[in-house]
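Q: Hi, could you walk me through the salt bridges and the packing in this one?

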Amino acid sequence: MHRNLVKRTLIAGAALVALAACGTQSPDSAPQALNTKAAVPAPPKKTVQGLPGMPPVLDPKDVYAADRPNQLSPVVKDFPSRVYVPNTESDTVSVIDPKTYEIIETIPVGRQPQHVVPSWDLKTLWVNNNRGHTLTPIDPKTGKAGKEVEVHDPYNLYFTPNGKYAVVMASLDRELVFRDPHTMERIKTEPVTCYGVNHADFSADGKYFIVSCEFSGELLKVDTEKMEVVGQQKLPFDGAMPQDVKISPDGKKFYIADMMADGMWVLDGEKFTEPTLLPTGKGCHGLYVSRDSREMYVSNRGEGSISVFDFTRNKLTKKWHLPDGGSPDMGGVSADGKVLWLSGRYDAEVYAIDTRTGTQLARIPVGDGPHGLAVYPQPGRYSLGHTGIFR
């Protein structure tokens, strides 16, 4: 009896051990070997902690990742492709059909229109009537102008990356004016001590932006959320006249065109230390990034040429001269990336240039003093302003 009891006890104990060992497995699963090595976590993907409310950065190595050829937002995909040219001295906007290179409409606007600016939400084009102290809205779906909105000294117009504010470059008022992006109601005015605030671009994370001051040859660094100037410096060139501003695809550098220094200033935006000058050509003025983010087209207004800058190689690789000269100023790249459109500021004309060869495709007569033309629509999720800075 004692031996039988011990035997039954041993059999029951073995059964319990077997049940315990199988507790986490299905009845027909094979036993799993224990992994004695600690799991190695995958390295975290690098992300950009952007300005609150800003759409996420698609690629930390390329702020223009959303601007690929014909990658149109659903908001604009049904808009007709047009080129809108503000004629500063004619107080009109010429509307060009890019397929035929012909003017299909001339829109009367306010006094001295400087730039045509896509809104942050891509739904409106704002014409900056600088001396008329108004903005004229144009519906890009119908091409019709709406009722003018009173805004003092709107030389240029930008939008914060989160779409919270419009930023008016009040050049002669010497102010940065933060406004409601839809009603244009004034929210905050930031006075500046430089002269001629005119162009800007935002950091990759949207937390600050760099502003050029044309008439005093200075640069500003502005905290986007605080809406305050946090840095200011004089460019190291006597008579400097900075113009357009663009950030590099990797977000590490800002390029500032200078029409008197005849080149681009290369600036470390984070450190905001003294920039270096890269000569491009006489009257360096506008800066436009290619659809593949590899190159930047630089208009040299004083010599009728376009320089091509290679971001990866960090050097100028080509220079295209307009036949019969000209005064290439501001503009933009077509949605498919094949054509660079530029206004001829002092020649009452517009140039269409093949981005592969530099060949002039068309030279179109427009009104007097054509300036900040906008090619629209363009790829991108939202607009930061000017003639179209899209991300």
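A: Happy to! A salt bridge here is a side-chain nitrogen of Lys or Arg within 4 Å of a carboxyl oxygen of Asp or Glu. This is a predicted model, where local features need pLDDT of at least 70, side-chain atom pairs count only at pLDDT 80 or more, and totals for chains, interfaces and linings use all residues. Residues are numbered from 1 along each chain as its sequence is written, and side-chain values use heavy atoms, with hydrogens and water left out.

Q: Is aspartate 329 buried or exposed?

A: Buried, at 0% relative accessibility; the term means under 20% relative accessible area, with exposed over 50% and partly exposed in between (1.4 Å probe, protein chains only). Arginine 301 is buried too, at 9%.

Q: And what does glutamate 89 form a salt bridge with?

A: Arginine 111, with the closest N and O atoms 3.9 Å apart. Glu89, Asp91 and Arg111 are linked in a salt-bridge network.

Q: Switching to packing: which residues have the most contacts inside the largest nonpolar core?

A: Phe254, Tyr255, Met264 and Met296, in a core of 27 residues. Such a core is a set of buried Ala, Val, Leu, Ile, Met, Phe, Trp, Tyr and Cys residues joined through side-chain atoms within 4.5 Å. Apart from it lies another core of 22 residues, including Tyr158 and Leu220.
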